[in-house]
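Visitor: Could you walk me through this one? I'd like to ask some questions as we look.

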Amino acid sequence: MRRLLREPLLHFFVLGAALFAVYGWLNRGAPGSPNEIFVSRGQVQSLQAQFERVWQRPATPEERQKLVDTWVREEVFYREGLAMGIDRDDPVVRRRIGQKFEFLIDSATPPAPGDAELQAWLDAHAANYQVEPVFSFHQVYFNPERRGATLGRDVDAARRSLASGKPASGDPTLLPETMQAAPLSEVQQVFGDDFAAALGGLPAAGWQGPVQSGFGLHLVRLTESVPGRKAALEQVRAQVERDLLRARAQQASDDIYRRLRANYRVRVEPA
Amino acid sequence: MRSTSVALVVLSSLWVPAAAQNPPPGLGATDVGEIQPADPKKFYKEPGYSPYAGKHYPERPLFGDEHVHTGWSVDAGLGGATLSPEDAVRFARGEQVTASSGQPVRLSRPLDWIAVTDHSDAMGTVAAIREGNPEMMKDPTLKRWHDMMAQGPEEGSKATMEVVNAQANKKLPPALTDPKWAKTYWDKNIEIMEKFNEPGRFTAFISYEWTSNAGGGDNLHRNVIYRDNKDRAEQVLPMTTFQSENPEDLWKWMADWEKKTGGQLLAIPHNGNLSNGRMFELRMFMGGPMTKEWAQQRQKYEPLFEAIQMKGQSESHPSLSTTDEFAVGYELWDRGNLVIKPKTPGMIEHEYARQALKEGLKVEQQLGANPFKFGMAGGTDTHNGLTAAEEDNFYGKFVGAEPRAGRWDEDAIKFGDRVIKGWEMTAAGYTGVWATENTRAAIWDAMKRRETYATSGPRMTVRFFGGYDFVARDAASRSPAIAGYTKGVPMGGDLKKAPAGKSPTFLIAAAKDPFSGNLDRIQVIKGWLDKSGKLQEKIFNVAWSDADRRKVQADGKLPPVGNTVDIATASWTNTIGDPELITVWKDPEFDASLKAVYYVRVLEIPTPRWTAYDAAYFKVKVDSKVPMTTQERAFTSPIWYSP
């Protein structure tokens with residue numbers, strides 16, 4: 001398969017396919033017989049424009065000639081290839097053409113739905129747009145590997161100390177001592193699922209715990225805990241718009257497929 | 001250490017050594033001004049009540065994949081990939097998607113960023129109807145279509161049908177077929193990334209892969225990552241290998257781009273292991289001798305190297321690092337190049353990151369510039385749009401390798417009788433980036449200053465600082481990063497000439513991925529150029545778990561951590577290993593006159609490899625030669641000592 005990918009002939013197909021639609025349109029009504037290759041002014045301009053967009057300068061006259069020569073060479077092989085029908089059993093060419101056709105369909109989707117449409121979508125899919133719970137907290141970490149048998153005792157002593165307003169000894173850690181207004185997913189990323197789940201059940205008053213995580217035990221002082229809730233449109237507008245547009249593109253694609261499919265009679269030969 | 005005494009630690013370390021005052025070289029003037037690494041002097045200007053006020057250093061590594069292909073890449077599409085760049089980004093953000101094979105899939109948790117890198121070679125053009133530009137709108141038919149499209153899905157579909165029919169009947173308005181309105185895949189790709197890029201929350205880079213297969217299969221691929229947004233990216237089309245297969249031409253193209261747009265680019269090469277000796281060859285692409293300018297260009301445009309991905313690792317090879325027990329049999333794809341053309345002796349010396357980092361010291365000695373001064377990145381190189389690098393959630397490299405009972409035993413890559421089997425695929429990797437915030441610019445800047453590390457998939461946190469004044473107490477602080485940035489340079493940086501009588505000290509810390517295995521050990525890998533001009537390397541075990549029962553032996557080796565993996569059920573327990581490791585390490589063999597390079601490798605305890613999850617889930621018996629456990633790992637960008 002990968003050898004096929006390196007086949008120079010294949011590269012010509014791919015290039016050919018890439019230019020196919022444009023080429024086809026360009027040569028609509030062009031003068032000459034089927035054996036004439038007409039390189040229109042527009043085609044030359046297009047080649048030059050592509051050159052410029054890569055190399056960031058105009059092509060020199062020699063380069064321009066080379067672009068045209070290369071294009072003509074590709075065109076000859078492309079036409080010969082088409083005449084032989086070797087595009088038809090080629091999955092790369094088929095996929096590419098199909099993909100470009102879908103782009104065309106996609107481009108028919110209106111880009112900017114209005115507020116009412118967005119709000120309707122949000123209401124209909126509210127579960128997808130929950131605002132995450134948010135937490136602010138301080139934590140003191142106890143490493144079971146370091147504490148060994150004294151872990152439970154140390155944690156108790158630290159909790160008593162903290163409760164009376166005195167500092168307490170934790171262990172060195174890369175975990176943050178504090179997170180401010182951190183969404184649940186960020187707490188999960190840093191401390192793991194268990195710890196994050198436990199936070200939701202803690203009262204926001206004084207030092208609590210110990211809370212267990214994959215790292216060890218933590219005493220936690222929760223200072224802010226905002227439960228998850230349904231999002232207002234303003235909070236998730238971009239996301240809602242993306243999802244709505246995507247659904248519409250999919251719908252448009254299915255719709256057009258259905259209409260086009262109706263033009264065909266499909267027979268599958270029995271095995 | 002008391003939890004409330006962080007401020008004291010900070011106050012006691014306001015003195016900043018010379019090494020930390022200068023940004024690393026290679027970050028000099030650019031067309032858009034100086035790129036500044038996070039400046040330690042800014043971290044704590046004033047002592048204050050709050051230990052948290054004024055923290056501007058990177059606090060959390062941001063994880064992402066800098067190497068993702070979708071159905072828009074021709075080889076991926078040929079392989080059956082139907083997912084688009086939009087699907088790939090949605091997946092990386094944590095959404096559930098339907099894989100090309102029809103299976104629902106979701107990441108264990110979202111990534112922080114992604115770079116979708118479809119091959120630039122196949123970015124053709126498509127006609128743009130919707131844009132409604134005034135010149136096109138002079139044509140009444142186009143105007144009508146445009147208006148229909150603006151009305152909603154129903155009318156839009158009708159308009160599209162009209163377009164299709166007009167094309168079939170050769171009645172398309174001429175204005176539509178004018179090539180100057182044609183849109184490229186590149187433009188569409190940019191639009192998608194703009195739509196999903198959310199500064200502060202999720203970064204979607206504009207990026208592509210330049211896929212040079214020199215000589216028909218020597219892998220010299222580079223991922224080109226844009227710091228900038230649409231306005232700059234859309235000005236120029238990506239470089240393709242139809243224009244040139246020579247990396248030096250890519251750098252030229254990048255330089256021209258930066259000059260024209262005022263933006264910035266970097267390139268990440270990958271799969272040295274499949275380059276048949278060409279990734280780090282000691283000559284220019286066309287065969288000429290290396291020049292200083294060449295070395296400077298490479299260093300400038302290629303600050304990172306992708307050291308691990310689904311097609312194996314390119315960090316170290318057991319034939320080059322003969323004392324490294326963790327390089328033996330670890331995700332090696334070392335039989336040939338991308339088309340499995342067999343290697344000949346002498347090739348492997350120029351394929352692996354560790355060897356190249358060492359060679360760079362020697363080349364720098366000769367030329368006055370180090371072409372191989374790169375940091376570490378990890379990516380997947382997935383070709384199904386799914387950046388699924390987790391062992392228990394591995395979706396393979398191609399659609400054909402998405403979860404299925406037989407995938408382990410099928411041919412992943414085949415050329416004649418030369419085959420790489422499915423089980424050889426590596427479920428890896430990601431890049432951890434120490435960026436100050438989650439934006440294109442901040443992540444890109446951290447990449448540029450090499451403040452990154454590669455992982456084989458898990459998201460462990462790894463800190464690595466070098467300086468001359470780290471002491472054991474720095475490792476006992478509850479916020480080691482404060483000491484790290486205040487007294488030294490982070491990964492990717494440089495140590496200036498050692499003060500008389502001083503040896504480099506390193507503050508090194510790692511915390512496990514809360515979703516993955518405990519940590520086995522931290523190692524420092526040192527490479528240097530000895531007095532006789534020969535390259536040397538040595539691996540130091542500097543911190544390890546279960547220290548009560550494990551001691552470094554006379555030969556410097558540390559006994560294995562053990563193994564709790566139950567292959568039959570693809571499970572393990574964190575009853576061995578430690579959740580975190582931290583230490584201050586001083587180079588015991590330092591010679592102040594010799595160039596050296598140091599980087600860190602962190603190893604997890606053994607956990608099930610994806611092949612074990614497959615065997616357990618599909619209830620298949622796999623061949624005894626297939627590895628069923630793995631030791632996941634991270635390798636950091638180096639810190640260089642350049643006297």
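Predicted model: local features only at pLDDT ≥ 70, side-chain atom pairs only at ≥ 80, totals over all residues.

Visitor: Let's start with helix α4 of chain A. How far apart are its end C-alpha atoms?
Guide: Helix α4 runs over residues 61-84 of chain A, which is 24 residues. At 1.5 Å a residue, the helix should span 34 Å, and the model agrees with that. The end C-alpha atoms are apart by 35 Å.

Visitor: Which residue just after α4(A) takes a positive phi?
Guide: First, a look at the helix itself: its buried residues include Val68(A), Trp71(A) and Tyr78(A). Glu74(A) and Glu75(A) are on that buried list too. Just past the helix, phi is about 80 degrees, and the residue there is Gly85(A).

Visitor: How far apart are the centres of domain 2 and domain 3 of chain A?
Guide: Chain A is split into three domains, with domain 1 covering 41-106. Domain 2 takes in two stretches, 109-130 and 230-248, while domain 3 is 133-227. Going by C-alpha atoms, the centres of domains 2 and 3 of chain A are separated by 37 Å.

Visitor: Is Ala181(A) buried, partly exposed or exposed?
Guide: You'll find Ala181(A) in strand β3 of chain A, residues 178-183. Its phi is near 50 degrees, a positive value even though it isn't a glycine. Most residues other than glycine have a negative phi. With a relative accessible area of 47%, Ala181(A) is partly exposed.

Visitor: And Asp381(B), buried or exposed?
Guide: Asp381(B) lies in the loop between β15 (375-378) and β16 (411-415) of chain B. Asp381(B) is not a glycine either, yet its phi is positive, about 65 degrees. Buried means under 20% relative accessible area. Asp381(B) has 2%, so it is buried.

Visitor: What is omega for the peptide bond between Gly209(A) and Pro210(A)?
Guide: Look in strand β4 of chain A, residues 207-212, where Pro210(A) sits. Most peptide bonds are trans. The one joining Gly209(A) and Pro210(A) is cis, with omega at about 10 degrees.

Visitor: Which residue is joined to Gly429(B) by a cis peptide bond?
Guide: Gly429(B) is in the loop between β17 (418-421) and β18 (430-433) of chain B. Omega for this cis bond is about -5 degrees, and the partner of Gly429(B) is Ala428(B).

Visitor: How far is the C-alpha atom of Val542(B) from that of Val552(B)?
Guide: Val542(B) is in strand β25 of chain B, residues 535-544, and is buried at a relative accessible area of 10%. Setting aside neighbours within four places in sequence, its contacts include Ile508(B), Val524(B) and Trp585(B). Val552(B) is ten residues away along the chain, and the two C-alpha atoms are separated by 9.4 Å.

Visitor: Last one: what share of the residues in chain B is buried?
Guide: Chain B has 16 helices and 31 strands. Of its contacts with a separation of 6 or more, 75% are between residues 24 or more positions apart. Its accessible surface is about 21800 Å², with 52% belonging to carbon and sulfur atoms. Among the 643 residues of chain B, the buried share is 66%.

Technical notes. Residues numbered from 1 in each chain as written. Chains lettered and ligands numbered in written order. Heavy atoms only, no water. Helix = DSSP H or I, 4+ residues; strand = E, 2+ residues; numbered from the N terminus. Expected span 1.5 Å × (residues − 1). Buried < 20%, exposed > 50% of the residue type's maximum accessible area, 1.4 Å probe, protein only. Domains from an automatic or database assignment. Contact = heavy atoms within 4.5 Å. Areas by Shrake-Rupley, 256 points an atom, 1.4 Å probe, with all protein chains shown as cover.
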